[in-house]
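User: I'm new to this one. Can you walk me through the structure?

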Amino acid sequence: MASGLKKQNEKLNQPTKGDPAPYGPHMSEPSGASSIEHVLTVPESVPMLSLLGHGDSVLRAVETGFPDVDIHVRGNAITLRGKAGDVALVERLFDELIDIAATGQPLTADAVQRAAEMLTSSTRERPADVLTLDILSSRGRTIRPKTLNQKRYVEAIDSTTVVFGIGPAGTGKTYLAMAKAVHALQSKQVNRIVLTRPAVEAGEKLGFLPGTLTDKIDPYLRPLYDALHDMIEPESIPRLMAAGTIEVAPLAYMRGRTLNDAFIILDEAQNTSPEQMKMFLTRLGFDSKIVVTGDVTQVDLPSGTSSGLRVVQNILDGVDDVEFCTLTSSDVVRHRLVSDIIDAYDEWDARAARSSARGTR
């Protein structure tokens, strides 16, 4: 192990062909009175390979994020050189990464970025506490929150009877709610899971789609089935559905029912009318929990129809045991471009709104 780290350190002391100029290691020696050096010793119980990542991917991510800090690795010692404030922040980042690696959780460049974002935000919560919160372990993988807002959303689901998860695509609203539902079922907190969606999408009408009613409805519910397959053994899903332990149905099928001992998820709630939202929320029975998810920027309702998800925020704000959790583009866990696309659309909408306001004056 020591010889491997020595070679690794020698490699770090040489420019790597193809490295972006601002991010390459040892671009320049920090200078000036404010420059300091600090040595961080990694506990023997934490393998350096786990901390630095395969091919030094984690180390490279730290260097990329903090190009003004010179980082040397030798054995289990990490030497940081740079301005005092930058060195202190990188030290805190490595402390968090060490704690994460100590749990056995694999580190990634994405985890480095998210930990750094949390450390530079106004929160007092530790990145290690956020990134190591296990929700569900299934099929060889563990589902965890990846951002602070996701952790708060998960904690709200634990502590509140009715939770609204509102945010753009890719922020994990539905996926995390599904993971909590499966965990609640497996730990016998509830007797069944009920998953529902309004069958309204992008202006399409069910009557114009081919097949039986089931054939028409299934495509709208497919994302819920996909999430189930990630969390439950596929061969057991038909059995659980046949027994009524897991139910996936259109929102219209909820009318007239009372759902006891159930974890109930309403997905794509921006496509409900205010009347449908009221109908759904009043299905809540004893020992049940409701999670409502949606994106108020992607409403597919006919023109002139108000979104029940938008209206309900004004109606239930301040009601006890109801919580609204907002996720943003910074919580997107898909391809990095998804966050940029969401921000670009938000900026375009803001410009259009300002232009419209000027036109009405």
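Analyst: Let's begin with a pair of strands. Strand S2 (residues 70-74) and S3 run antiparallel, joined by 5 bridges. Strands (E, at least two residues) and helices (H or I, at least four) are DSSP runs, numbered from the N terminus. Two strands pair if DSSP finds at least two bridges between them.

User: Before we go on, what kind of model is this?

Analyst: This is a predicted model: local features need pLDDT of at least 70, side-chain atom pairs count only at pLDDT 80 or more, and totals for chains, interfaces and linings use all residues. Residues are numbered from 1 along each chain as its sequence is written, and side-chain values use heavy atoms, with hydrogens and water left out.

User: Back to S2 and S3. What do they form, and how many residues lie between them?

Analyst: They form a hairpin with 2 residues between them. Gly 75 sits in the turn and has a positive phi of about 60°. Val 73 stands opposite Ile 78 in S3.

User: Which strand order does the open sheet of 3 strands have?

Analyst: The order is S1-S3-S2, with antiparallel pairing. S1 and S2 are at the edges with a single partner strand each, so one side of each has no neighbour in the sheet. On average, neighbouring strands are turned by 15° against each other, direction ignored.

User: How many bridges join S1 to S3?

Analyst: 7 bridges join strand S1 (residues 35-41) to strand S3 (residues 77-83). Glu 37 has Arg 81 in S3 as its bridge partner. Ile 36 stands opposite Gly 82 in S3.

User: Which helix lies across S1, S2 and S3?

Analyst: Helix H4 (residues 84-102) does, running at about 150° to S3. Angles run from 0 to 180 degrees between N-to-C directions, and axes are lines fitted to C-alpha atoms, for helices over the stretch in contact. Contact means heavy atoms within 4.5 Å.

User: New topic. What is the strand order in the open sheet of 6 strands?

Analyst: The order is S8-S7-S9-S10-S6-S11, and the pairing is parallel. Strand S8 (246-250) and strand S11 (322-326) are the edge strands, each pairing on one side only. The twist averages 15° from one strand to the next.

User: And how is S7 joined to S8?

Analyst: 5 bridges join strand S7 (residues 192-197) to S8, and the two run parallel. Thr 196 stands opposite Ala 249 in S8.

User: At what angle do H11 and H12 pack?

Analyst: Helix H11 (residues 274-281) and helix H12 (residues 308-316) pack at about 60°, with their axes 8 Å apart. In H11, Pro 274, Met 277 and Leu 281 meet residues of H12 including Gly 308, Leu 309 and Val 312. The contact residues divide into 7 nonpolar, 1 polar and no charged. Ala, Val, Leu, Ile, Met, Phe, Trp, Tyr, Cys and Pro count as nonpolar, Asp, Glu, Lys and Arg as charged, and the others, Gly among them, as polar.

User: Last thing. Which helix gives the most to the lining of the largest pocket?

Analyst: H9 does, with 5 residues. Helix H5 (109-119), strand S5 (141-143), helix H8 (173-186), helix H9 (213-231) and S10 each supply at least two residues of that lining. The lining of the largest pocket divides into 14 nonpolar, 13 polar and 13 charged residues.
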